[in-house]
Amino acid sequence: MSGVTLALDLLLGLSLVWLAWRTLASPTLFGAIVLFIAFGLLMALVWARLDAPDIALAEAAVGAGLTGVLLLAALADLQQGDNLLPVREPLRGWLLQLILALCALGLFTLLTLALLGLPSPPPSLAGQVLPRLDGAGASHPVTAVLLDFRAWDTLLEIAVLLLAVVAAWSLGSHPHPNPRIVGSEVLQGLVRVLLPFAVLSAGYLVWRGGFAPGGAFQAGTVLAAAGILLLLSGLGRPFNGRHWLWRALLASGLFIFTGVALGTLLLGGGALDYPAGLGYGLILAIELGLTLTIGLTFIALYAGEQDAAEERE
Amino acid sequence: MNPADLLVWLVLLPVLLAALLFVAPEGWRTRLGQLGTLLCASLALLLAWQVLQHGPISVALGNWQPPLGIRLHADGLSALMLALTALVALPLAAHAPAWFVRHEAAQSRAGAFFWPLWMFQWAALNLLFLAGDLFNAYVGLELSGLAAVALVALGGQRAALEAALRYLLLALFGSMLYLLGVALLYGAGGVLDLTLLGAQLEADHASRAALLLITLGLLIKTALLPFHFWLPAAHANAPAPVSAILSGLVVKASFVLLLRIWFEIFHPIGLGGAGEVLGALGIAAIIWGSLQAMRQERIKLLVAWSTVAQLGYLFLIFALAVELAWAGSVLHALSHGLAKAALFLAAGNIVLALGHDQIHRLHGAAGKLPLTFFTVALAGVSLMGLPPSGGFAAKWLMLQAAIDLGRWPYVVAIIGGSLLAAGYLFPLLRHALAGTHDPRQREGERLLSRWLEFPPLLLATLALLLGLMALLPMSLLSGGMPVSLR
């Protein structure tokens, strides 16, 4: 490792810790959210430095972008409500603080010892993935792991995503947080230009996922970003989450994935064992469904079950 | 159907049902949910039967064998827990719709969202009982935790929302610790499969740190003292059917995972000292939970603190690591699951009928709700560990193990715990039985339908019968005892 890259890595690592600390120490919630978004972007750089471009893409889109939007929307809701929660209650008592500090120090020591003792190079399953790519439905190792070797995990993670929407909507609808920006001509013009490109890049990312970094998660977040911009600009209205069709679309990725799993099981091959030759097509179908579900999930989390204005009518 | 396929169906069918229940119009949900419950429960009982007949069943998903692929595994322990979940789910499917219709404080939307959330929870529970892979179990923990938090929030009132938020933060913290431990194990050994990990584990810093992190994470989720503080508020303020799910089933899932990780993976690296700590915490939980339960003035808080106490028994196995105690611990998980579900549903009925939940205001309410208080008494018999209940059989096995090992503090704790349980359950019954109930209809009082009264009675009866049929679960367990037990 050359001196320059070492310096860069050190700088990245230290900035990450510093940003995390500033986020926690920020006196206002707004400041904390902005710092958290910066933290996410820096984290994406760290993943890129660790040769994990797939995670870097997802981190930038979800960790920094969409999470930031959701946090800002939640903040807007908090400020509109009359029951503002106290921002931060300092931990009472030096004894408690001392105990917490000792626990953190103990954990730090333990993790350092553990990490120093890890074998180098680390044992991993990568060596087993590569020779089997021919038998899998995707030639990009990450996609092959996510949608073939460990597709079971991915299926259940999509279930977690849908559960997140069900859970959020079960709490009741909340006012749509964009009253001030609606109608801004600059924003509307920008969105008109950006939207086709966003949809195009989402499609490209899904297709690319078969052989290179990309795939449904990245494509879904791009789609979600486009949708949220559409809502923010006032060009689009939130969909009505009470309607079964929208709900079915929201769940489409899960339906397709579960359908493929149960279909392969019923045909006698074993769940998620794609028949020879159909692997690529099935994975692409699943990925398209997942893209739609992931995109709509984030929009649904942002906009709520139903537009509050619509509900009043 | 191929028995191995059952394992996949048991996870995917509730997931599919959850999605369908979310999409379906609200008018259809109860019928669809009840039909789905019937299907899932039959599959679970069928699988338990298959395991009893033919021994453990494994399936490699996508036909990719571990370490590359993911394995589901059903042994005697999984079969028993799956059957428990099914046996709780069936009466619940009859009780919950009736309860949500009658309970005005829960918003009207709560009844509509209950079904998809509960189906997600069921899928997560089945997954956790079947998981043969540490990361897959993590996905199960996330699914279970998120569904549980949303279910608590269905209570709708401020107390329920606050409890749900605290539960969410702690459940996430627990998941994070667990995930960190799993990452360390993967970094050290390069595999995630439970069996493979157990075969290659070395006693180094990384595996010790991983065990500590995983154990802490799962203890938070299982609410062992001193990590119990989130439980009473969450379980007491949730709608009654949800409390039954959370106390009866959800806390057991993280416990079963902990059991597997300790006795199937980490046994080679010698855990004597750490096991003693968990056993001692179990004793402390029995005492502290019972004392707190005695002090409560609200029925549901009493029942929730009783859960803290009863969970303590589960952890005695970590100090008494012998086959008898293992069987006792699993039997206790089963009997507590049934009895506590019955007790929470009955408590919900009492609140519904009387319009309040103050214990000292019960004034002979047993005369008005004889069936419901009979249920409370039956469930109480199992919680106190009186013969012939399942609780008795479980505590008897643990007691025998403690005596065989000469561990007298544990003998005292097991017997004392039963007395303490009597100490918090008898006052409840005394208030309900003593005094004459004013026969006139008081303000806020209502009658209960049989859909509300019979499901908890069925559950309490099952908890009692478990003691008489304890040989059945024992024969399921006997084939699959971990080799690490003495």
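Visitor: How many residues of domain 1 of chain B are in contact with domain 2 of chain B?
Guide: Keep in mind that we're looking at a predicted model. On the domain 2 side, 49 residues take part in the contact. On the domain 1 side, the count is 47.

Visitor: What area is buried between those two domains of chain B?
Guide: Carbon and sulfur atoms give 80% of it. On the domain 1 side, B:Leu80, B:Arg102 and B:Phe263 lose the most area to domain 2, together 18% of what that side buries. The area buried between the two domains comes to about 4,100 Å².

Visitor: And how many salt bridges does the rule find across that domain interface?
Guide: Polar contacts do turn up here, in six residue pairs with both partners at pLDDT 80 or more. As for charged residues, the domain 1 side has four, next to 32 nonpolar and 11 polar ones. The salt bridge count across this interface is zero.

Visitor: Which helix gives the most to the side of domain 1 of chain B that touches domain 2?
Guide: Several helices of chain B supply at least two residues each, among them α2 (26-54), α8 (205-222) and α10 (240-265). The top contributor puts in 15 residues. That helix is α3(B).

Visitor: Let's go to the other interface. What area do chain A and chain B bury between them?
Guide: Here 55 residues of chain A meet 51 residues of chain B. Of the buried area, 77% is on carbon and sulfur atoms. The chains bury about 4,800 Å² between them.

Visitor: Which residue of chain A forms a salt bridge with B:Asp133?
Guide: The rule finds one salt bridge across the chain interface, and its closest N and O atoms are 2.8 Å apart. The partner of B:Asp133 is A:Arg150.

Visitor: Which element supplies the largest share of the side of chain A that touches chain B?
Guide: Nine residue pairs are in polar contact across this interface, both partners at pLDDT 80 or more. The elements giving two or more residues on the chain A side include α4 (94-116), α6 (141-149) and α11 (252-266). The largest share is 15 residues, and it comes from α7(A).

Key. Residues are numbered from 1 along each chain as its sequence is written. Chains are lettered from A and ligands numbered from 1 in the order in which they are written. This is a predicted model: local features need pLDDT of at least 70, side-chain atom pairs count only at pLDDT 80 or more; totals for chains, interfaces and linings use all residues. Side-chain values use heavy atoms; hydrogens and water are left out. Contact means heavy atoms within 4.5 Å. Buried area is the accessible area (1.4 Å probe) that two parts lose on being put together, summed over both. A salt bridge is a side-chain nitrogen of Lys or Arg within 4 Å of a carboxyl oxygen of Asp or Glu. A polar contact is a pair of N or O atoms within 3.5 Å; within protein, one must be able to donate a hydrogen and the other to accept it, and residues adjacent in sequence count only if both atoms are side-chain atoms. Helices (H or I, at least four residues) and strands (E, at least two) are DSSP runs, numbered from the N terminus. Ala, Val, Leu, Ile, Met, Phe, Trp, Tyr, Cys and Pro count as nonpolar, Asp, Glu, Lys and Arg as charged, and the others, Gly among them, as polar.
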